[in-house]
Amino acid sequence: MSVLLNDLFLAMLVVLALVAVRVRDLVGAVLALAAYGFTLSLVWAAMGAVDVAFTEAVVGAGASTVFFLATLLRTVRTERARPPRGRGPALAAVLLLGGLLVLAAHDFPHWGDPASPASVHVSPRYLEQGYHETAAPNIVTAVLADYRAYDTLIEVVVIFTAGLACWLLLGRRRT
Amino acid sequence: MIQEHDSVIVRTVVRALVPFIQLFALYVVFHGHYSPGGGFQGGVILAATYILIALALGRAELDRRVREGVVLLLSAVGVLIFTLAGVLGPLRGAALLDYAVLPVPGVAGPPVRGLGILVIEIGVAFGVAGALTVIFCRLAKAGEGEEEDSA
């Protein structure tokens, strides 16, 4: 059931991505992207990655949508028509690389495989010792904020830098 | 400039809901130890309340409630909280971002690391909420009619 639901969500993702790319009206494209973000959060939730689903819902479906719409306020609403030239080589390159990726994906471990490298490396130690070492019942929080805090620290710095860049570049009054 | 929303229903509901959404954002930040969530998600929800204020009550109302410069400063303070909690480890002879050496009176062992997580989650919440609010404020500032200043 869950796998079937997941396949449905993944199919919806492909459709929504195509809509977002093809639609000429950019507000429509942004809304398709928001639906994409929300569907993706459902995929994460169906996989049991609730923390990731939460983040995807608030950022992918929420904040980034508002930012895109605010950007459209400053620019134009419709996409300019591009001349349909040079599509052949691009399509060939996409098909080739996409085919290679699909081919390579067959070597991936199965979904939830307990013998996969990701499951036998440091994960067991985190799961067994996480609560004793950090007193945080939510193991995702323990990993993100303690064991892998360096990653999270740089992430916050990146977001702050984005805010600073917007502050410095946008909305200045030229006198 | 984003104007006040036409509908009195939207304005009233937003005015009434914003404090509760902000309370929920704090819950998400502080309950990250026990349930999905944490500083990042809570921070985004907090920023979303200010975006909501601007969209429903108008940009002037947002400017009345928060100052952009202060918000950016709070974002920097968030990054600073995280960094300070991190470098306290090396200063006390432990690894970077090892919260076990944080000076918390009356607590020892793993709970100190749990408290350290709470400290940096608060830092993350400040950093993310401030940065996202500033990005929205700046993106939505010019709107219509002010494009000529980008010449």
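Chain B of this predicted model contains five helices and zero strands, where helices are DSSP runs of H or I with at least four residues, strands are runs of E with at least two, and both are numbered from the N terminus. From the N terminus on, the elements of chain B follow one another as α-α-α-α-α. The radius of gyration of chain B is 19 Å, well over the 15 Å that the globule rule gives for 151 residues, so chain B is more spread out than a compact globule. That radius is taken over C-alpha atoms, and the globule rule is 2.2 Å times the number of residues to the power 0.38.

Some conventions apply throughout. Residues are numbered from 1 along each chain as its sequence is written, while chains are lettered from A and ligands numbered from 1 in the order in which they are written. Because the model is predicted, local features need pLDDT of at least 70 and side-chain atom pairs count only at pLDDT 80 or more, whereas totals for chains, interfaces and linings use all residues.

Chain A has eight helices and zero strands, and its pattern along the sequence is α-α-α-α-α-α-α-α. A compact globule of 175 residues would have a radius of gyration near 16 Å, but the value for chain A is 21 Å. Chain A is divided into domain 1 (1–79) and domain 2 (117–175), with bounds that come from an automatic or database domain assignment. The C-alpha centres of these two domains of chain A are 23 Å apart.

The table sets out overall values for each chain. In it, a residue is buried if 20 or more other C-beta atoms lie within 10 Å of its own, exposed if 12 or fewer, and partly exposed in between, with C-beta atoms placed from the backbone; two residues are in contact if their C-beta atoms, likewise placed from the backbone, lie within 7 Å.

Within chain B, helix α2 (residues 39–57) and helix α5 (residues 110–139) pack at an angle of about 35°, and their axes are 7 Å apart. Axes here are lines fitted to C-alpha atoms, for helices over the stretch in contact, and angles run from 0 to 180 degrees between N-to-C directions. The crossing of α2(B) and α5(B) is right-handed, a crossing being right-handed if the near helix is turned clockwise from the far one by less than a right angle, and left-handed if anticlockwise. On the side of α2(B) the contact includes F40(B), V44(B), L46(B) and Y50(B), and on the side of α5(B) it includes I122(B), V128(B), L132(B) and F136(B). The residues of this contact divide into 13 nonpolar, five polar and one charged, where Ala, Val, Leu, Ile, Met, Phe, Trp, Tyr, Cys and Pro count as nonpolar, Asp, Glu, Lys and Arg as charged, and the others, Gly among them, as polar.

The two chains also meet each other, with 42 residues of chain A in contact with 47 residues of chain B. On the chain A side, α3 (50–74), α6 (123–134), α7 (139–147) and α8 (149–169) each supply at least two residues, and the largest share, 14 residues, comes from α3(A). By class, this side of chain A has 26 nonpolar, ten polar and six charged residues.

One residue that touches both chains is T141(A), whose contacts, leaving aside its neighbours within four places in sequence, are A136(A), G32(B), H33(B), G38(B) and I117(B). T141(A) is placed in helix α7 of chain A, and it counts as buried because it has 26 C-beta neighbours inside 10 Å. The C-alpha atoms of T141(A) and D51(A) are separated by 8.7 Å, although these residues are 90 apart along the chain.

A135(A), in the loop between α6 and α7 of chain A, has a positive phi of about 60° although it is not a glycine, and A135(A) counts as buried because it has 20 C-beta neighbours inside 10 Å. L97(B), in the loop between α4 (68–91) and α5 of chain B, has a positive phi of about 65° and is likewise not a glycine; L97(B) is buried, with 23 other C-beta atoms within 10 Å.
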